[in-house]
Amino acid sequence: MTFVRERSAGYMTNWAARLLARAIDRRLKEHGLSSGHLPVFFALGDGKAMTQKALAAAAAIEQPTMAATLSRMERDGLVRRAPDPKDKRSALVSLTPAALARVPAVRAAVDAVNRQALSGLSEAERDAYLAMLARMVAALENA
């Protein structure tokens, strides 16, 4: 049996994800950012603050990965931590003013790459593709 990568949902989805991340990274590089920052920017881009645990859950990534991401972002002046008034053992993470100023550029980069990636599809095909991806995600999250 020959493996045909173009007929593998897993392979093609992973390949597309890597290409999307690479294209977004190219656009974000001029702002000193990368696609690894996106989960934090998406969660905190409206100026709110969250705990590290809540951020990890929102981004659907492991706590150690989120901790490492936040440490790098804190080092780079992109996030700050403040004591959580509801839980003294916890801290609330928020974007710094410098990071909040980059939110429009982050959104523009992501939007531009998404438009490029979907440009070969009709509006109906885009809607169907995104709906099917959502169903795939739901099926795999429940597995």
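This is a predicted model: local features need pLDDT of at least 70, side-chain atom pairs count only at pLDDT 80 or more; totals for chains, interfaces and linings use all residues.
Visitor: Before the details, what makes up the fold?

Guide: The protein has seven helices and three strands. Read from the N terminus, the order is α-α-β-α-α-β-β-α-α-α. The C-alpha trace spans about 55 × 35 × 30 Å along its principal axes, and 24% of the 143 residues count as buried.

Visitor: What does Leu-55 touch, leaving out residues up to four places away in sequence?

Guide: Leu-55 touches Ala-43, Leu-44, Met-50, Met-66, Leu-70 and Val-93. Gly-77 is another matter: it sits 22 residues from Leu-55 along the chain, and their C-alpha atoms are separated by 18 Å.

Visitor: And Thr-51, why is that one called buried or exposed?

Guide: Buried, because its relative accessible area is 18% and the cut-off is under 20%. Thr-51 belongs to strand 1, residues 50-51. With residues up to four places away in sequence set aside, it touches Asp-84, Ser-90, Ala-91 and Leu-92.

Visitor: Now for Ala-60. Why does it count as exposed or buried?

Guide: Exposed takes over 50% relative accessible area. Ala-60 comes in at 62%, so it counts as exposed. Ala-60 lies in the loop between helix 3 and helix 4, the latter being residues 63-75.

Visitor: What is there to say about the phi of Ala-60?

Guide: It is near 55°, a positive value in a residue other than glycine.

Visitor: On to charges. How do you know that Arg-81 and Glu-74 form a salt bridge?

Guide: The rule asks for a side-chain nitrogen of Lys or Arg within 4 Å of a carboxyl oxygen of Asp or Glu. For Arg-81 and Glu-74 the closest N and O atoms are 3.0 Å apart, so by the 4 Å rule the pair qualifies. Both partners are partly exposed: Arg-81 at 32% and Glu-74 at 36%.

Visitor: What makes Arg-75 and Asp-76 a salt bridge too?

Guide: Their N to O distance is 2.9 Å, and the limit is 4 Å, so the label holds. Arg-75 is exposed at 61%, whereas Asp-76 is partly exposed at 42%.

Visitor: How about Asp-87 and Arg-89?

Guide: That pair meets at 3.2 Å, N to O, and within 4 Å is what the rule needs, so it passes. Asp-87 is partly exposed at 26%, while Arg-89 is exposed at 77%.

Visitor: How many salt bridges does the count come to?

Guide: Four. As for charges in total, the protein has 21 positive and 14 negative side chains, and the centres of the two sets lie 4 Å apart.

Visitor: Which residues gather in a patch of positive charge on the surface?

Guide: Arg-18, Arg-22, Arg-26, Arg-27 and Arg-115. Helix 1, residues 9-29, gives the largest share of that patch, four residues, and Arg-27 is found in helix 1.

Visitor: What makes the nonpolar surface patch?

Guide: Tyr-129, Leu-130 and Met-132 make it, with about 280 Å². Tyr-129 lies in helix 7, residues 123-141. At 35% it is partly exposed, and the patch cut-off is over 30%, so Tyr-129 meets that area condition.

Visitor: What about the surface of the protein in total?

Guide: The accessible surface comes to about 9,700 Å², and 57% of it belongs to carbon and sulfur atoms.

Visitor: One last thing: how many contacts join residues at least 24 apart?

Guide: 48%, among contacts between residues at least 6 apart in sequence.

Definitions and conventions:
Residues are numbered from 1 along each chain as its sequence is written. Side-chain values use heavy atoms; hydrogens and water are left out. Patches are made of residues with over 30% relative accessible area and no salt bridge: like charges are joined within 9 Å, nonpolar side chains (Val, Leu, Ile, Met, Phe, Trp, Tyr) within 5 Å. Accessible areas come from the Shrake-Rupley method with a 1.4 Å probe; for residues, only the protein chains shown count as cover. Lys and Arg count as positive and Asp and Glu as negative; His and the chain ends are not counted. The place of a charge is taken as NZ of Lys, CZ of Arg, CG of Asp or CD of Glu. Helices (H or I, at least four residues) and strands (E, at least two) are DSSP runs, numbered from the N terminus. Buried means under 20% relative accessible area, exposed over 50%, partly exposed in between (1.4 Å probe, protein chains only). Contact means heavy atoms within 4.5 Å.
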